[in-house]
Amino acid sequence: MHFQNTLQIGTTGMLSAAGLWLAEHSEQTTIISRNPAPFVNQLRDQGYQAKGTSCNYKIPQQRQNLSKTLNPNKYDLILLWIHQDGASLLEELSTSCCSDIARIIWVVGSDFQNLEKEHANKKFERSTLPDNVSLQIVILGFQVELGKSRWLSHQEISQGVIRVIKAPQEKESTIGQTESLLAPNQDK
């Protein structure tokens, strides 16, 4: 699997192994986060073509500057870890800086499947994206160990995201589980 130009937006710590995998499989990787320099330097130190831009997408001026910075670039894969309230950024990216055939992988929390919010979360999913852009949604859940739930590790998140990148036909995937499989105590 090979990409020309990839873009990663969001937390670099939790997605560091996935970001490294992207850099290994890309000619150029762009990292957008509040502080991209440490991760960009790590990628460069390992011999990868990487650049970074500092941005908090929730601050309008920074987001406007980001749009100007990214517009001339054409990305064939965009990995986003943004909250659902940042969905308009996903739409902007899909129309302004995607290559002729592009994929967006959007990492979201387990609340994405909240039935009360489902309509609001998914209303833009396909209809507002150009035909040349495919969207894959990765929902983060949790793991159950010894009868207790725990957050996913950074490695589990990255491994799940890499699996999704390798499987372009999957439209929605879950890493871990989002519902408890533990049955109530049935002792009589």
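Strand β6 (residues 133-140) and strand β9 (residues 172-175) run parallel and are joined by four bridges, where two strands are taken to pair if DSSP finds at least two bridges between them. Helices (H or I, at least four residues) and strands (E, at least two) are DSSP runs, numbered from the N terminus. Residue numbers start from 1 along each chain as its sequence is written. Because the model is predicted, local features need pLDDT of at least 70 and side-chain atom pairs count only at pLDDT 80 or more, whereas totals for chains, interfaces and linings use all residues; side-chain values use heavy atoms, with hydrogens and water left out.

The protein chain holds six helices and nine strands, and 45% of its 188 residues are buried, that is, under 20% relative accessible area, with exposed meaning over 50% and partly exposed in between (1.4 Å probe, protein chains only). Among the contacts (heavy atoms within 4.5 Å) in the protein chain with a separation of 6 or more, 64% come from residues 24 or more positions apart.

Seven strands, in the order β3-β2-β1-β4-β5-β6-β9, form an open sheet with parallel pairing. Axes are lines fitted to C-alpha atoms, for helices over the stretch in contact, and angles run from 0 to 180 degrees between N-to-C directions. Helix α3 (residues 60-70) lies across β1, β2, β3 and β4 and runs at about 170° to β2, while helix α4 (residues 87-96) packs on the sheet, touching β1, β4, β5 and β6, with its direction at about 165° to that of β5.

Within the sheet, strand β1 (residues 3-9) pairs with β2 in the parallel sense over six bridges, and Q8 stands opposite I31 in β2. Seven of the eight residues of strand β2 (residues 26-33) are buried, so β2 is largely enclosed by the rest of the structure. Strand β6 likewise has seven of its eight residues buried and is therefore largely enclosed by the rest of the structure. Seven bridges join β6 to β5, and these two strands run parallel.

R103, found in strand β5 (residues 98-108), has S134 as its bridge partner in β6. R103 is buried yet has no salt bridge, the nearest side chain of opposite charge, D76, being 8.7 Å away; a salt bridge requires a side-chain nitrogen of Lys or Arg within 4 Å of a carboxyl oxygen of Asp or Glu. Not counting residues up to four places away in sequence, R103 touches residues including M1, F3, D76, Q136 and I165.

The axes of helix α1 (residues 16-24) and helix α6 (residues 154-166) come within 7 Å and cross at roughly 35°. The contact involves S16, A17, A18, W21 and L22 of α1 together with Q155, S158, V161, I162, I165 and K166 of α6. In α1, the buried residues are A18, G19, L20, W21, L22 and A23, and the buried residues of α1 pack against β1, β2, α2 (37-45), β4 (75-81) and α6.

How values were computed
Lys and Arg count as positive and Asp and Glu as negative; His and the chain ends are not counted.
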